[in-house]
Amino acid sequence: MRSAPLTLLLSAFLCAIGCSDGGDGGAGGTGGQGATGGTGGATGGTSTSAGGTSASTSGTGSATGGTSASTGDASSSTGDASSSASGTGGSGGGMAVRTPAASASTLREAGEKANPPILIGAAISGGGLNNGDYKRVAAAEHSYVTAENEMKWDALEPNPGQFSWGSADNIVNWARSNNMKVKGHTLVWHNQLPGWANSLSGATQVEQAIRRHIENVMGHFKDRIDTWDVVNEAVITDSDTGVGNPRMRPSVFFNALGDRFLDLAFEIAREQDPNAKLYYNDYSIDALNDKADYVYEMIKGMVERGVPIDGVGFQMHIGPPNNEAGGADVAANLRRFADLGLDVLISEMDINRCSNQVTAEEQLTYYHDIVEACFLMPECKAITFWGINDGRSWLNSWSGALCNGQSSQSLLFNDQYQKKETYNRVMDALMGR
Ligand code: XIL
């Protein structure tokens, strides 16, 4: 069991210095658990392990242990006891590692008591907040909120210059009353735009619309939200798996302004709030694939040009039709973005079983290993799940046809809001198990 983190870290390190992504078996979806070996151990971990078999806790240290030769232990000198994982990155060593809580009975508590703490989030919908069980689980298990739809452009600015705050305010105020932090999602995105915005044309019109939207939205939430997805999903590939011909996505923004709409959006957001954390967010950039490589170069260029960007959100929609990424791939990928001096975060995680195209075991392995990859990196600031319970997952309708109409079974709680084994595996990863 202890070998899981080491396996992960070691392979991440090897990948960082140049492996093909075959090692993890992730991409194909078939390789599944065997390849990711490490997790196997955790399987035994039974269900309600919540409390904390603390023996294990004291450190992600596991990796520390003996074998660190391979990761070059000498370089890890910086840290406290837990700094073993130097190898994760290839970023020049000395990377500290997050230390798990000694005990925790909820995901939220595991995140809050980790050192440094990590936010555990969920996408919250206005409809969900009408349900008592939903609200109870959401607030008990999470410290971070993303509005699932209520802060998108069509919801907030249905007519030009006319704003509608009610549904978003409900979610934000509910979150704050439960001591949860909120990330604003999302300022500039090609989807869920009102018709009027989609039919804008010409650089001046589009630039003015972006400016008015960002200024009003950030202004309205200024005292309540200090972290924003400024641009969402600006890149496209031939396949939703992130493979083939990566390029800027045609949109009303790109068509009028070219690449510069990205820089412009971040610059306007920075003018609006000099202290906010400003993030780029995208899907199928979780694995080491064409899209992730392209987005990496794009973000690197922004950093080099001095564009005010603070981090990158990896949506982590795993399974059809999106990418599949094993823990080692994710670790190596997050590492290279963090090495640009940016925050990284898992921003919309779910794992689509899609009519058994991802097996139950593969799903458990992915959940554990991907959460672990983020948890081990202090630069990884948050892990947000895209919903609370299976029955309400967006995937059920969105990928319904592709998955024979079957439930995506993609989240941590079942339709009765009970914890699933996926929950236990996430908890294991947060507790260093
Ligand atoms: C999804 C919502 O979950 C659905 O309810 C809605 O119909 C479509 O959008 N990437 C994102 C999220 O950034 O905003 C999307 O949310 C899922 C994919």
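These questions and answers walk through a predicted model with a ligand.

Student: Which residues are the closest to the ligand?

Tutor: Start with the shell. The ligand is surrounded by 13 residues. The closest of these are Glu148, Lys152, His185, Glu348 and Trp386.

Student: How far is a polar side-chain atom of Glu148 from an oxygen atom of the ligand?

Tutor: For Lys152, an N or O atom of the side chain is 2.7 Å from an oxygen atom of the ligand. For Glu348, a polar side-chain atom also lies 2.7 Å from a ligand oxygen. For Glu148, the distance from a polar side-chain atom to an oxygen atom of the ligand is 2.5 Å.

Student: How much of the ligand's accessible area does the protein cover?

Tutor: Think of the ligand on its own. It then has 420 Å² of accessible area. The part that the protein covers is 79%.

Student: How many cavities of 30 Å³ or more does the structure hold, and how much space lies in the largest?

Tutor: Rolling a probe the size of a water molecule over the atoms shows where empty space is left. Here, the structure holds four cavities of 30 Å³ or more. The space in the largest cavity is about 60 Å³.

Student: Which elements give two or more residues to the lining of the largest cavity?

Tutor: Look at the lining residues. Among them are Val188, Trp189, Val231 and Asn232. The lining divides into six nonpolar, three polar and two charged residues. The elements that give two or more residues to this lining are strand S3 (181–189) and strand S4 (227–232).

Student: Which residues line the second largest cavity, and what is its volume?

Tutor: Its lining consists of Ser125, Tyr134, Glu148, Trp386, Gly387, Ile388, Arg392 and Ser393. Glu148 and Trp386 are also among the closest residues to the ligand. The volume of the second largest cavity is about 40 Å³.

Student: Is the peptide bond from His185 to Thr186 cis or trans?

Tutor: Most residues other than glycine have a negative phi, and most peptide bonds are trans. Thr186 lies in strand S3. Omega of the bond from His185 to Thr186 is near 5°. This peptide bond is cis.

Student: Where is Pro321, and what is omega of the peptide bond from Pro320 to Pro321?

Tutor: Pro321 has its place in the loop between strand S9 (317–318) and helix H14 (327–338). The bond from Pro320 to Pro321 is cis. Its omega is near 0°.

Student: What is phi of Asn356?

Tutor: First find the residue. Asn356 sits in the loop between strand S10 (343–351) and helix H15 (360–375). Its phi is positive, in a residue other than glycine. The value is near 70°.

Methods:
Residues are numbered from 1 along each chain as its sequence is written. This is a predicted model: local features need pLDDT of at least 70, side-chain atom pairs count only at pLDDT 80 or more; totals for chains, interfaces and linings use all residues. Side-chain values use heavy atoms; hydrogens and water are left out. A residue is near a molecule or strand if one of its heavy atoms lies within 4 Å of it. A polar contact is a pair of N or O atoms within 3.5 Å; within protein, one must be able to donate a hydrogen and the other to accept it, and residues adjacent in sequence count only if both atoms are side-chain atoms. Accessible areas come from the Shrake-Rupley method with a 1.4 Å probe; for residues, only the protein chains shown count as cover. On a 1 Å grid over the protein atoms alone, a cavity is a set of points where a 1.4 Å probe fits but cannot get out, and a pocket is an open set with protein on both sides within 12 Å along at least five of seven lines; lining residues have an atom within 4 Å of a point. Grid points are joined across faces, edges and corners, and a volume is the space filled by probe spheres set on the points. Helices (H or I, at least four residues) and strands (E, at least two) are DSSP runs, numbered from the N terminus. Ala, Val, Leu, Ile, Met, Phe, Trp, Tyr, Cys and Pro count as nonpolar, Asp, Glu, Lys and Arg as charged, and the others, Gly among them, as polar.
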